[in-house]
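User: I'd like to learn how to read a protein model feature by feature. Could you walk me through this one?

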Amino acid sequence: MPVRDTDPEGVTRVRAANPSALTLDGTNTYVVQDWVVDPGPALPAHVEAVRGALNGSIEGVVLTHSHADHAEAAELFGVPVVLPVDGQEVGPFRALGTPGHSADSVCLLFGDVCFTGDTVLGTGSVFIAPGEGSLSAYLDSLRRLRELDLSVICPGHGPYVWDPAAKLDEYISHRLDRERRLVDALASGLRSRDELLDAVWSDAPAELRPAAALTLAAHLEKLSEEGQLPDDAG
């Protein structure tokens, strides 16, 4: 069955030409009313495409988080730039605090439409690094999103998600399955980074192995916080 990837009513997507293993087919910038969500990288062609989608009228820029692939072009539009906090209303949006991918990550609610930045992607899983990110916080954020009655997720990368509940269930299940496999690998005596990656992230392609290694560290950090890490695994 073909994937429906047409703009929701009232939303225009402009995709930046910055594809990579982590950004998928590029950063998604969205225009809603006279607002820009995540203006993306400061690529001249992308900035001009966003300006074209605005039809000459812009009130402000709102961010889901501060990473450069989402926020670098923010100051180029000559309007206020806001990275809101939980519960804050900005233009037509209400912010929902969803830390995890980064400490400052929020999702933006526009009715039952949700702009998730890097908290939920259209395809694949989200990169979590220890220190800046938190796996414990990320799981809590996914559960918070799951409580909402959403019609569509507009992700920071990848296609629209038209079954948000199923996607969020999949994301939560995926993280918990990784954790279960990691606990089992540690219980079997595996300790080195490469051993644990081979056992738990064997499906990660070579170009994503460095990101998987950081996500492994985030999982180990969570287990340590919860007292589940073996004494000799620190």
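Analyst: Happy to. Let's begin with the largest pocket: helix H4 gives the largest share of its lining, with 5 residues. Helices here are DSSP runs of H or I of at least four residues, and strands are E runs of at least two, both numbered from the N terminus. This is a predicted model, so local features need pLDDT of at least 70 and side-chain atom pairs pLDDT 80 or more, while totals for chains, interfaces and linings use all residues. Residues are numbered from 1 along each chain as its sequence is written, and side-chain values use heavy atoms, with hydrogens and water left out.

User: Which helices each supply at least two residues of that lining?

Analyst: Helix H4 (164–187) and helix H6 (209–225) each do.

User: How much space lies in the largest pocket, and which residues are the closest to its centre?

Analyst: A pocket is an open set of points on a 1 Å grid where a 1.4 Å probe fits, with protein on both sides within 12 Å along at least five of seven lines; lining residues have an atom within 4 Å of a point. The volume is the space filled by probe spheres set on the points. In this model the largest pocket holds about 670 Å³. Its lining has 32 residues, and Leu22, Ser125, Val126, Phe127 and Leu208 are the closest to its centre.

User: Now a helix. Which residues of H1 are buried?

Analyst: The general idea comes from the geometry: an α-helix has 3.6 residues a turn, so residues three or four places apart point the same way. In H1 (residues 44–54), the buried ones are His46, Val47, Val50 and Leu54. These four lie on the same side of H1 because they cover an arc of only 100° around the axis, going by the directions from the helix axis to the C-beta atoms. Buried means under 20% relative accessible area, exposed over 50%, and partly exposed in between, using a 1.4 Å probe and protein chains only.

User: What is on the other side of H1, and what do the buried residues pack against?

Analyst: Pro44 and Ala45 are exposed on the other side of H1. The buried residues of H1 pack against strands S1 (11–15), S2 (28–32) and S3 (35–37), where contact means heavy atoms within 4.5 Å.

User: How should I read backbone phi?

Analyst: Most residues other than glycine have a negative phi. That makes a few residues here worth a look. Just after H1, Asn55 has a positive phi of about 55°. Leu24 has a positive phi near 60°; it sits in the loop between S1 and S2 and is partly exposed at 24% relative accessibility. Gln33, with a positive phi near 55°, lies in the loop between S2 and S3 and is exposed, at 53%.

User: And how many aromatic pairs are there?

Analyst: A pair of rings is described by the distance of the centres and the angle of the planes. Rings of Phe, Tyr and Trp (its six-membered ring) pair if their centres lie within 6.5 Å; planes under 30 degrees apart are stacked, over 60 edge-to-face, and the rest tilted. By this rule the count is 5. One of them is the tilted pair of Phe93 and Phe110, 6.1 Å centre to centre with 55° between the planes. Phe93 is in strand S7 (residues 93–97) and Phe110 in strand S8 (residues 106–110), so this pair ties together parts 17 residues apart in sequence.

User: Are Phe93 and Phe110 buried or exposed?

Analyst: Both Phe93 and Phe110 are buried. Phe93 also pairs edge-to-face with Phe115, at 5.8 Å centre to centre and 90° between the planes. That pair links distant parts of the chain, since Phe115 lies in strand S9 (residues 113–117), 22 residues from Phe93. The relative accessible area is 2% for Phe93 and 1% for Phe115.

User: Which residues form the aromatic cluster?

Analyst: Tyr30, Phe93, Phe110, Phe115, Tyr160 and Trp162 form one cluster.

User: Where is Pro230 found, and what does it touch?

Analyst: Pro230 is in the segment after H6 and counts as partly exposed at 25% relative accessibility. Leaving out residues up to four places away in sequence, Pro230 touches Leu186 and Arg191. Its C-alpha atom is 9.3 Å from that of Val183, 47 residues away along the chain.
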